[in-house]
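Please open the model in your viewer and keep the sequence panel beside it.

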Amino acid sequence: MPKLIHIHPSDNVVVALKPIPAGTVYEGVTANMDIPQGHKMAIRPMAENDQVIKYGFSIGHATAAIAPGDWVHTHNMKTNLSGEIEYTYNPKLRFPEPVKPASFQGYRRRDGKVGIRNEIWIIPTVGCVNDVAKALVKQNQDLVQGSIDGLYTFTHPFGCSQTGDDHAQTRKLLAALTRHPNAGAVLVLSLGCENLTHEQFLAELGEYDENRVKFLTCQQVEDEFEAGRACLEQLAAFAGQFRREEIPASELVIGMKCGGSDGLSGITANPTVGRFSDMLVAQGGSTVLTEVPEMFGAEGFLMDRCVSEEVFHKAVNMINGFKAYFLRHNEVVYENPSPGNKAGGITTLEDKSCGCVQKGGSAPIMDVIGYGEVVTTKGLNMLYGPGNDLVSSTALTAAGAHMVLFTTGRGTPFGAPAPTMKISTNTPLATKKSGWIDFNAGVVADGTRTLDEAAQDLMKLVLEVASGRQTKTEQKGFREISIFKDGVVL
C-alpha cells in the first residue's frame, strides 16, 4: 500500500496517507523532511506565487520557492480567496442510472411522511423554560416503552430579546423541528411572555395534528410539571400506536456534514459519503449538503452541476450571500480552517472546501434551500448554513434529514437531534475513539477497501440505523441544537 497519494494527474502535491519520514522516495521524489499524516508534499518545483494544485484545483499559492520533496503547508503557501466573484453557468450533468431502491424498517406517519425514530420531543420556545423541559424529560422516562424510542428536549438560549431576521430564524427553526417525522409526538413548551408568542409559533407551524402536537404555557398553569405530565401521557398514547414497517430507501433524506477534518477527509471519508450519496440518489432518495463557507474556493465542483439555470442562480446567491455576510461583519472570507484542521494537514479554505464538497458525489444539484426550509425535491440538495458543527447539523435536521452522516479526522462526540453517524477518515482515530466512531473510512487509506466498497458498506449501515440500530451518540444520549444568530440581543 503506497504511503502517499496523487489525487489528480494535474496536482503538484501528493498527500501522506501515513506519516512520511525524511528520505522516503515517491515516484522519484525524495521527501526532504518528515511529512505528517494528511499533509502535502511537493512533487514539482514551484516558484513564489505559483499555484498549489490539489484535487485538480488551485488551493492557494506559494509564498516562497518550493522544491520537490518539501512539506507544503501554512509556512510556504496561502489562500487566493477574497470577496464575491462572478460565475457563469456551464452545465455538466451526470444523472446516476436509476436502480431499484433497497428498503428499511421505518415509521409511516399519518400525513404520509416517514420517520426512522419514533420519539417524543419537547421543544422550548424560549430559553427561560430550558430547565423545566429538562426536568420533564428526566421525570417522565417511564413513558418510553413499546414502540417509543425516547423522550428528548433540545434546549437553546433564544426565543426572546431577538428582533428581525434572528427572531424569524429561531421561529422557523423550532417550527421545522416540531414537524420532523422522527418525532412521533411533540410538546411545545413556552413561558408566556417571550417574543416568540404562541400565535406567532402557530402561524409558522401551519396545519398540524392536534393529537401529535400539544402546547403548554408555564405561566398559565399552577404546576407546569403536573400539566406537562398530562400532556406527555397523551402524546405517548398517540406515538405508541406507530410500528415499524418496510419502507423504500427512496423515502430517506440524509444530511452530510464534516467536522474536525484532516488531510485525509477529502481522500477517504468525504468521497465515501459522496459515492453513498450517488447510490441513494440512484435509488430515488435525497441527500443534503450544507456548510456554505466550506464551499468557498470549491465552486467549480458544484456550479456546473446545478440541474437548471434557476437552481444555478440560487446557488450563486447562496454562496455570494454568505460571503457578503462575512464582509458585513468585517470578517475575511478565507479565515476558516481551525487549528485542528491545520494540524491535520488542511492549509487553506480552498484545501478544506475541495475536500468538503467531495461529500456531494457527482449527481446533479436539484435544489438550493434556505435556512429552516425543508427538502421537497428528490436528489442532491444544497442548504444555506454555516460550517459550525452544531448550527449546521441542526439546520440539516430541520431540513428534514432523518440522519446526519458526520465525517471527521480529529473526532467529536457531538450529536444532532437526528441520529448522527460519525465516520472517521483514518483508522487510528477509529481505534482510539471507538466510543465515538460508527464507521471507519480509514480502510480506504489502509488499502483494505476501495471507495466503492466502502460506500456499499456505508449504505448497509445507514439502512441498519434507519431500521433502529443506534449510533454511538444515541447510545450516550448526546443530542443538542444550536440556532443560527446574526443580529443583536436586546
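Begin by selecting Thr-408, which is found in strand E21 (residues 403-408); helices here are DSSP runs of H or I with at least four residues, strands are E runs with at least two, and both are numbered from the N terminus. This is a predicted model, in which local features need pLDDT of at least 70 and side-chain atom pairs count only at pLDDT 80 or more, while totals for chains, interfaces and linings use all residues. Residues are numbered from 1 along each chain as its sequence is written, and side-chain values use heavy atoms, with hydrogens and water left out.

Is Thr-408 buried or exposed? Thr-408 counts as buried because its relative accessibility is 0%, where buried means under 20% relative accessible area, exposed means over 50% and partly exposed lies in between, with a 1.4 Å probe and protein chains only. Display the side chain of Thr-408 and follow it to the backbone nitrogen of Arg-410, which it reaches at 3.4 Å. If neighbours within four places in sequence are left aside, Thr-408 is in contact with Gly-259, Gly-260, Ile-423, Ser-424, Thr-425, Leu-429 and Ile-437, contact meaning heavy atoms within 4.5 Å.

Next, select helix H2 (residues 164-178) together with helix H3 (residues 198-205), whose axes come within 9 Å and cross at roughly 60°. The axes are lines fitted to C-alpha atoms, for helices over the stretch in contact, and the angles run from 0 to 180 degrees between N-to-C directions. H2 and H3 are therefore oblique to each other, given that angles under 35 degrees count as roughly parallel, over 145 as roughly antiparallel, 65 to 115 as roughly perpendicular and the rest as oblique. The contact is made by His-167, Arg-171, Lys-172, Leu-174, Ala-175 and Thr-178 on the H2 side, and by Gln-200, Phe-201, Glu-204 and Leu-205 on the H3 side. By class, the residues of this contact of H2 with H3 divide into 4 nonpolar, 3 polar and 3 charged; Ala, Val, Leu, Ile, Met, Phe, Trp, Tyr, Cys and Pro count as nonpolar, Asp, Glu, Lys and Arg as charged, and the others, Gly among them, as polar.

Leu-173, Ala-176 and Leu-177 in H2 meet Thr-394, Thr-397 and Ala-398 in H10, and the contact of H2 with H10 has 4 nonpolar, 2 polar and no charged residues.

For another helix pair, select H5 (residues 269-282) and H13 (residues 451-466), where the axes come within 8 Å and cross at roughly 65°. On the H5 side, the contact is made by Pro-271, Thr-272, Val-273, Arg-275, Phe-276, Met-279 and Leu-280, while H13 contributes Leu-451, Asp-452, Ala-454, Ala-455, Gln-456, Leu-458, Met-459 and Val-462. The residues of the contact of H5 with H13 divide into 11 nonpolar, 2 polar and 2 charged.

Move on to Leu-302, whose place is in helix H6 (residues 299-302) and which is buried, with a relative accessible area of 1%. The C-alpha atoms of Leu-302 and Val-357 are separated by 8.0 Å, although these residues are 55 apart along the chain. Beyond its neighbours within four places in sequence, Leu-302 is in contact with Leu-289, Met-295, Val-357, Ile-365 and Met-382.

Then select helix H9 (residues 349-356), which is mostly covered, 8 of its 8 residues being buried. Among the buried residues of H9 are Glu-350, Asp-351 and Lys-352.

The remaining stops are in loops. Asn-211 has its place in the loop between H3 and strand E15 (213-217) and is partly exposed, with a relative accessible area of 42%. Leaving aside neighbours within four places in sequence, Asn-211 is in contact with Arg-110, Leu-235 and Phe-238, and the C-alpha atoms of Asn-211 and Leu-235, 24 residues apart along the chain, are separated by 7.0 Å.

Finally, select Glu-27, in the loop between strand E3 (25-26) and strand E4 (29-30). Phi of Glu-27 is near 45°, a positive value in a residue other than glycine, and Glu-27 counts as exposed at 66% relative accessibility.

Definitions and conventions
A polar contact is a pair of N or O atoms within 3.5 Å; within protein, one must be able to donate a hydrogen and the other to accept it, and residues adjacent in sequence count only if both atoms are side-chain atoms.
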